[in-house]
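Please read through the model shown here, one part at a time. Keep the sequence beside it while you do.

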Amino acid sequence: MNFLIDLQSISSELILSAFALLILVISPFIKEEKKKFIIYLSIFGLIASFMALFIQPRKARLFWETLTTDKFSIYFKALFLIATFLVILISKRFFEHEMYHKAEYYFFLLLTTVGLMFMVSAVDLISLYVSFELMAISCYVLAGFLKRNLRSNEAGMKYFVLGAFSSGILLFGFAFLFGLTGVTGYREIAQSLANKGVNSFLIIAMLTLAGALFFKIAAVPFHMWTPDVYEGAPTPVTAYLSVAPKAASFAIFIRLFLEVLPLLKNEWQTLIAWISLFTMTYGNIAALTQKNVKRMFAYSSIAHAGYLLIGLAAGGDFGIWGMLYYLLVYTFMNIGAFGIIIFMKKKEHFGEEFADFNGLAQRAPYLSAIIIVILLSLTGIPPTGGFIAKVYIFSAAVKQKLYWLAVAGVLNSVISLYYYFRLGMAMYFKEPESEAPYSPSPSLLLAISIIGLGILLLGIYPHPFASLAKISALPF
Amino acid sequence: MNLQSLPLLTIVTFFPLVGIFIILFTSKQKENLIKVTANIVTGLTFLISLLLPFYFNPQAEGMQFVEKASWIPAIGVQYFMGIDGISLLLILLTTLLTFLSTLSSWRVIDHRIKEYYIFMLLLEIGMVGVFTSLDLILFYVFWEVMLVPMYFLIGVWGGERKLYAAIKFFLYTLFGSLLLLLGILALYFYHHAVTGVYTFDALQMMSDGFIIPPKLQFWIFLAFFFGFAIKVPMFPFHTWLPDAHVEAPTAGSVILAGILLKMGTYGFIRFSLPILPDASKQFVPVMVVLSIIAIIYGALVAMMQKDWKSLVAYSSISHMGFVTLGMFALTPIGLQGSIIQQINHGISTGALFLIVGIVYERRHTRLISEYSGLSRIMPVYAAVFAIMMLSSIGLPGLNGFIGEFLILVGTFQVKWWWAAIAASGIILGAAYMLWLYQRVMFGKITKEENLKMKDLNVREITYFLPLILLAFWIGLYPKPYLKVLEKPVNKIVQKVNPDYFQKKPNIIEKLFEHQEKRSEFPH
């Protein structure tokens, strides 16, 4: 039965949706003090979904050629599940401090993840758009989840208005593609375009698609929403938004542009190379002057989108494969970056100033050491995953003789060192305001330990992960 | 047990990890236990590294103690370690100086002791790793790993402007090293394009069959140049050094001057010269001019310093100018002198920083004007300082002389006037050092506080003793050192300047020939 194979191929997504719905249904019947159960349930759902990835076929087209499962999509699905798992671990303490710990949060989180998983397996414009919106709408809700908090409201609203706008642009691009070819499947579109050749409508389609995706990955000049949304959204949500939807958008960038628009490869690669230059430079320079740590990390994630775009601009095996590896490392280090802000959070106190970190090394040496590892990785200094990832990305640029872009990446990394280590400076070189030893919640500590170890592992023994990324990037 | 079957280099490099783990799990309050552990571990590392010269064969060609394993096969990165005479000497210098500076920190470092010793041990891993690795990425990893603990050493235990100095040091060196990384990548892809093999193996890159077109060599050399020259530091890139040196704690300065600076020159010798011979030759005029500027400029600025420590820091710039000058003479004698001078600089400047540290520990000021007549109250100290100062100046019989002499001879063989200008740097060096000595050691005791200063204690004498012995050993009997350097140096010159071995006999050799001929006549 063909249909059964199809169902097997989306087993992960089905399991996760089922858990999401289950959480929504049972949450009214769970007492306030037993909220932990919801967390266990969602983690269990994630693990089950992760296991199901192993039974998904490695190469199949399903549901009348609208979805696919291949190594590429499975790599990303695993990435999203890991990201969601880490975000759930860092969420509990945050929402408890905000006195707003609701089961719906986990429902939306899981639902977003389902959307992301469909996004990376879509090979048809319609299925792509539907999953895209599933993800986007859940994200808007998440960003504005703290309904009594003004900053969160502002973030949700901004994200919604601009996000809807960018979805419109995306649709516009789809319309052009459909108008040119009369079909919606990636493969058919590519075939039809190959017969027709390049024309001005195709260029408009390429530009609009690129614009919409630049918006999603927060690339300059479509980054305006990022600092505000990232600063205003609840911190765990920021961590999630800066990682998972961004990774999915990069996946779509890779699949859509390489499968559908190979005709214009030179054009869009040049475009992306320039956008990459602007994005990393802008992100880094803007981050230099920030006084709020969360906002600084918001700008830093813009800069990282810039580095990632180098991989796409260079293309080739090193480029795509480097992006996949980079995204894996990025997942760990960026969730870690926003996670450490939650550590500093107390009731009625955001914990987002540099001064909040003063002398942390003496109060919490273990935590500070992990923060240093995260910061080193963000800068790209060995022996962390960030270094290996940067080596891949810069290799791709050097290989394609994009020397100017590689040099720009290098200069940007140097700039980034300065602001990342303002935090390191506060932790190690300043004196603490209180001597009291610091005791974080166990789940947060678990999350940050996993992140720290993960980053070191990705830097010291990258072999298994690098080959996984290599295999997954193979179709492109 | 057969020691040669052990992965000796890996053990030497990573042995400090043992200490790190022990200290990590020791309570912060047990300060003495932490100190003892750190001292024992660095001491043991030094003892283990002493095994290397016993099993080292100076007659053998190529690398010894080679260890090779696959690390990131996807892109052809290997765990590839091996040493020749050049790295051997630098490793021994590193383990010795780390041990001595750990010993010197016993009383000076009085807060956040646990972190201090962890960073110290981490630093040692990075430094030894740089000198042992032969895979470019592995080299790069160690090269960068060592930045981080140094940053913290300056930033936490440094002087008043420590924050500024720490980040400046970090930014400068990171900028250089990332360009170095790009150079490595360009080399890697060119190697793939020619041979079809993805590898970062430095020995493959310098093999005779692999020829890089001059234009590419030029760019890669430039990228390497930024990485290494900032570290040395060569003339226009030196501005981080006085800040870092002056603000760092004593042990940090010793390691910075004694070892970190050598990594830059080591990088030139190990990678730039043999991998990029054509570009190296092309760059000779630039490098020589920059070196000569550094020699003269460093010496002149040192003369004007009011701060004792920054005087020594600027003298470092001048001395490193000699090292790069000898290196880019591209003659075996110059190159040998350059390496010997690196060791000498580690010994004498390391000792000079320790000497400043001693008075700073007692008086908490480094201003030269605060001291005078110290020789009366601290006779042992005055003697140690005298020996080390004379070694730094290059008095015959002490180590500095051998290095400077060889460098000048090597340079003279190429262009006599390079040597002539550089020699004037030695005179300036004598001037500022002797003047410093005169100001702080002789004359009347003007300050009350100085009367109470204690002379060196046993621990302090212990850490000066090996340095003094080495200064005399190299000064009086440098043969064993020159012998281990002979093979690798000849190999590098063969690669970068093959004309040297075919050319007509040079001036000095002619001179000797002449004399020999004369002596044939009966009187």
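Predicted model: local features only at pLDDT ≥ 70, side-chain atom pairs only at ≥ 80, totals over all residues.

Residues are numbered from 1 along each chain as its sequence is written, and chains are lettered from A and ligands numbered from 1 in the order in which they are written.

Start where the two chains meet. Chain A brings 24 residues to the contact and chain B brings 23 residues; two residues are in contact if their C-beta atoms, placed from the backbone, lie within 7 Å. On the side of chain A that touches chain B, α17 (385–399), α18 (403–429) and α20 (463–472) of chain A each supply at least two residues. Helices (H or I, at least four residues) and strands (E, at least two) are DSSP runs, numbered from the N terminus. With 11 residues, α18(A) gives the most to this side. Sorted by class, the side has 18 nonpolar, four polar and two charged residues. Here Ala, Val, Leu, Ile, Met, Phe, Trp, Tyr, Cys and Pro count as nonpolar, Asp, Glu, Lys and Arg as charged, and the others, Gly among them, as polar.

Next comes helix α8 (residues 186–196) of chain A, whose buried residues are Y186(A), I189(A) and L193(A). A residue is buried if 20 or more other C-beta atoms lie within 10 Å of its own, exposed if 12 or fewer, and partly exposed in between, with C-beta atoms placed from the backbone. Seen down the axis of α8(A), the buried residues fall within an arc of 65°, so they line one face of the helix; the arc is that of the directions from the helix axis to the C-beta atoms. The cover over these buried residues includes α7 (150–181), α9 (200–217) and α11 (235–260) of chain A. Turned away from the buried side is a face that carries the exposed residues A194(A) and N195(A). After α8(A) comes G197(A), with a positive phi near 85°.

Last, look at D70(A), which lies in strand β2 (residues 67–70) of chain A. D70(A) is buried, because 20 other C-beta atoms are within 10 Å. Leaving aside neighbours within four places in sequence, D70(A) is in contact with R58(A), K59(A) and P475(A). D70(A) and V120(A) are 50 residues apart in sequence, and their C-alpha atoms are 9.9 Å apart in space.
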